[in-house]
Amino acid sequence: MMEEASSPRVTLYRFFHAIWSTTGARLETVGKAGGSTPEARLRKLAPIQRQAFLLTTLEGFSRPEACEILNKSSDELDQLIDAAHQEIEQQLSTSVLIIEDEPIIAADLANLVEDLGHTFAGNAATRKQAVDLARRAKPGLILCDVQLADNSSGIDAVQDILTDFDLPVIFITAFPERLLTGERPEPTYLITKPFQDDTVKAAISQALFFHAQPEPQN
């Protein structure tokens, strides 16, 4: 019999994990090796890495709760999540455009992006610079501030860019209230300044992983 968990939801997921580990894991097949959908990417992760990744990103469990569900120590869980992120970055290495008018923050984000194995496509400090650079660089991801150098808006810059490109955007701002107004579709990824590097890294992995890319035409 299982030990009592910290919440009914954790208990439910622990029970499901125990059943899946003895049945579903053995029946699981790789399926199609190719594909660029989130489902295809998930199949490329080892099952236990996939569970650790999904529990702490998609399902919203804290790390201590994920440890309970998977019956892993904190160090073991960290290793699983790190391995999942490394696999994801290898699958989805891309170029990243940064829209940020503070040079120190822009440099910090550029270093973080390159540490993850991505290419730094450049930094723009104004709406016009951002649109022009995006059209030249054709990035696969944008990290964007809201208030830009000439009092232009990062929100407007992103809207302009998304008319030409389909790519994920992560807003990193000290003014989250300008995005959470209910007047327009709210961003999927929003990080408040001052930010933690690990928070940005996790958001980049999630944004790239769950953004479906069009399948190549034969």
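Is Arg 63 buried, partly exposed or exposed, and at what relative accessibility? At 39% relative accessibility, Arg 63 counts as partly exposed, where buried means under 20% relative accessible area, exposed over 50%, and partly exposed in between (1.4 Å probe, protein chains only). The model is predicted: local features need pLDDT of at least 70, side-chain atom pairs count only at pLDDT 80 or more, and totals for chains, interfaces and linings use all residues. Residues are numbered from 1 along each chain as its sequence is written, and side-chain values use heavy atoms, with hydrogens and water left out.

**View 1. Salt bridge between Asp 78 and Arg 63.** The two side chains meet at 2.6 Å, N to O; a salt bridge is a side-chain nitrogen of Lys or Arg within 4 Å of a carboxyl oxygen of Asp or Glu. Asp 78 belongs to helix α6 (residues 74-91) and Arg 63 to helix α5 (residues 63-70), 15 residues apart. Helices (H or I, at least four residues) and strands (E, at least two) are DSSP runs, numbered from the N terminus. Asp 78 is partly exposed, with a relative accessible area of 25%.

View 2. Asp 132 pairs with Lys 128 at 2.8 Å, N to O. Lys 128 is exposed at 60% relative accessibility, while Asp 132 is partly exposed at 28%. Arg 135 forms a salt bridge with Asp 164, with the closest N and O atoms 3.2 Å apart.

**View 3. The buried residues of α8.** In α8 (residues 127-137), Ala 130, Val 131, Leu 133 and Ala 134 are buried. These residues pack against β1 (95-99), β2 (119-124) and α9 (154-162), contact meaning heavy atoms within 4.5 Å. Lys 138 follows α8 and has a positive phi, near 50 degrees.

View 4. Ser 95 counts as buried, at 17% relative accessibility. Leaving aside neighbours within four places in sequence, the contacts of Ser 95 include Thr 119, Ala 121, Ala 137 and Lys 138.

**View 5. Salt-bridge network.** Glu 100, Asp 145 and Lys 193 are linked in a network of salt bridges. The count of salt bridges comes to eight.
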